[in-house]
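Could you read the points below beside the coordinates? They are set out as numbered comments.

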Amino acid sequence: VQDGCDYYCTYCTIPFARGRSRNASIAETIKVAQKAIADGAKEIVLTGVNTGDFGRSTGETFFELIQALDNLDGDIRYRISSIEPNLLTDEIIDFVANSRHFAPHFHIPLQSGSDELLKLMHRRYDTALFASKIARIKQVMPNAFIGVDVMVGVRGETIELFNECKTFIESLPISQLHVFTYSERAGTKALSIEPIVPINERRRRNEILQQVSDSKLNSFYQSQQGKDAIVLWEDSKKGDMMHGFTENYVKVETKYNKNLVNTFEKITI
């Protein structure tokens with residue numbers, strides 16, 4: 001629904017590669033969604049380079065877009081892909097909680113749990129704001145799935161700051177991490193930042209946060225056992241089993257049945 005980015009984070013080349021933030025109008029985007037629904041789509045994921053910045057080039061807003069999409073009729077479910085925490089307003093969170101079609105599923109880039117590193121990265125929020133968004137989601141959608149991006153080994157990340165980041169992440173009621181290992185990009189401001197984290201140490205920190213992620217995901221899955229949910233079955237087959245995802249992104253399996261493919265079913269996890 002959106003392309004390009006007006007943010008210039010110190011580690012990132014996307015604004016140079018993809019250009020300024022831009023988007024089609026809500027009316028044009030609705031037509032694309034309507035065609036997808038007519039063609040049989042049961043789930044639509046809203047994605048972009050900076051998804052929440054939708055409307056920059058048309059004078060509209062992302063909130064107006066999701067309101068318009070939710071008004072469409074059809075047996076359809078929407079997910080919001082990665083959205084910056086400073087653009088994920090309480091208005092959006094509350095709307096998703098009470099919407100007809102939007103799934104209780106968020107993916108929010110954190111990048112670091114250290115305010116010092118967030119400043120070095122030129123991110124547009126701090127850990128307090130990030131934590132408040134997670135708390136708001138869990139307040140109105142206790143079973144929501146929350147995925148979080150985090151980057152390790154960035155220039156300037158001392159072991160003390162990494163440990164600060166790890167402690168912050170462990171304190172959050174999130175569901176899973178997407179852990180990225182920092183790599184240098186020509187032309188970025190991060191290249192002037194010291195100290196440089198050795199490659200082996202970057203990998204070690206990645207493994208540590210992967211373990212945190214595994215623990216978070218296991219805990220979230222355990223908390224969902226016995227709950228009722230709506231699953232959308234997919235057309236993949238592994239042996240005699242098929243899988244699908246619930247509205248809050250729990251992956252479940254059942255015996256393969258071609259009549260279930262691309263249909264919603266109420267289940268108990």
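The points below cover a helix pair, a sheet and a further helix.

1. This is a predicted model, in which local features need pLDDT of at least 70 and side-chain atom pairs count only at pLDDT 80 or more, whereas totals for chains, interfaces and linings use all residues. Residues are numbered from 1 along each chain as its sequence is written, and side-chain values use heavy atoms, with hydrogens and water left out.

2. The axes of α2 (residues 26-38) and α3 (residues 62-70) come within 10 Å and cross at roughly 40 degrees; axes are lines fitted to C-alpha atoms, for helices over the stretch in contact, with angles from 0 to 180 degrees between N-to-C directions. Helices (H or I, at least four residues) and strands (E, at least two) are DSSP runs, numbered from the N terminus. Ile26, Thr29, Ile30 and Ala33 of α2 are in contact with Glu64, Leu65, Ala68 and Leu69 of α3, where contact means heavy atoms within 4.5 Å.

3. An open sheet of four strands runs in the order β8-β7-β6-β9 with antiparallel pairing, two strands being paired if DSSP finds at least two bridges between them. Because β8 (251-255) and β9 (264-268) stand at the edges with a single partner strand each, one side of each is left without a neighbour in the sheet. Strand β6 (residues 228-233) pairs with β9 over five bridges, and Val231 has Glu265 of β9 as its bridge partner.

4. Helix α8 (residues 199-224) has 26 residues, and its buried residues (under 20% relative accessible area, 1.4 Å probe, protein chains only) include Ile208, Leu209, Val212 and Phe220. The buried residues of α8 pack against α6 (127-140), β4 (145-152), α7 (159-170) and β5 (176-181).

Key. Expected span 1.5 Å × (residues − 1). Buried < 20%, exposed > 50% of the residue type's maximum accessible area, 1.4 Å probe, protein only.
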